[in-house]
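Me: I would like to learn how to read salt bridges in a protein model. Please take me through them step by step.

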Amino acid sequence: MPPPRPTPDTRRDLIVVAAIAAIVGVPAGIAGGLRWVETAGAEPDSPAEPEWITPDALRAMTQDGTLVKARVALEAGGDGDLAALRFRLREINQILNVSVLAHTREEISGADGLARLSGDMLTRVNRFLESEGVAPLRSIAITELMMTRA
């Protein structure tokens with residue numbers, strides 16, 4: 001006569017399976033819930049975050065001999081081709097210097113002057129980028145500006 005087979009303990013097996021499912025399922029459920037909360041709060045047509053490039057500090061002179069030290073931030077255009085902009089940073093820096101040279105100290109002083117200089121920089125850089133087949137910048141922000149009489 002063969003030895004008797006032990007009776008399966010299905011209750012114990014179900015408890016083990018439930019424990020394993022809980023260990024795997026709870027973190028997965030939490031992660032899925034967090035992802036849902038993140039996407040539910042975002043507007044579907046909200047604009048993308050701006051992509052900024054900050055070239056080296058500018059050191060240029062104005063028409064009247066004022067030394068200008070400035071830092072600018074370039075907001076990339078719609079397609080966000082940052083590599084193309086970084087590849088052309090040396091030329092862009094030269095264009096930014098020429099923009100300073102095109103003005104006098106009085107023309108770039110104050111809030112109106114900064115807006116004028118920023119607008120001129122944007123126009124000149126975008127003209128260059130378009131000639132290179134690169135998407136134009138959205139904006140140029142002057143983050144620091146210091147002027148010293150030479």
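**Reading salt bridges**

Reply: Glu106 and Arg149 are both exposed, where exposed means over 50% relative accessible area, buried under 20%, and partly exposed in between (1.4 Å probe, protein chains only). This is a predicted model: local features need pLDDT of at least 70, side-chain atom pairs count only at pLDDT 80 or more, and totals for chains, interfaces and linings use all residues. Residues are numbered from 1 along each chain as its sequence is written, and side-chain values use heavy atoms, leaving out hydrogens and water.

Me: What do the side chains of Glu106 and Arg149 form?

Reply: Side chains of opposite charge can pair when their charged atoms come close. A salt bridge is a side-chain nitrogen of Lys or Arg within 4 Å of a carboxyl oxygen of Asp or Glu. Glu106 and Arg149 meet in one, at 4.0 Å from N to O. Glu106 is in the loop between H3 and H4 and Arg149 in strand S4, 43 residues apart; helices (H or I, at least four residues) and strands (E, at least two) are DSSP runs, numbered from the N terminus.

Me: How many salt bridges does a search of the whole structure find?

Reply: The search finds five. One of them joins Asp120 and Arg124, at 3.0 Å from N to O. These two are four residues apart in helix H4, so about one helical turn separates them. Asp120 is buried at 17% relative accessibility, while Arg124 is partly exposed at 25%.

Me: Which residue forms a salt bridge with Arg88?

Reply: Glu132 does, with the closest N and O atoms 3.2 Å apart. Arg88 counts as buried at 13% relative accessibility, and Glu132 as partly exposed at 40%.
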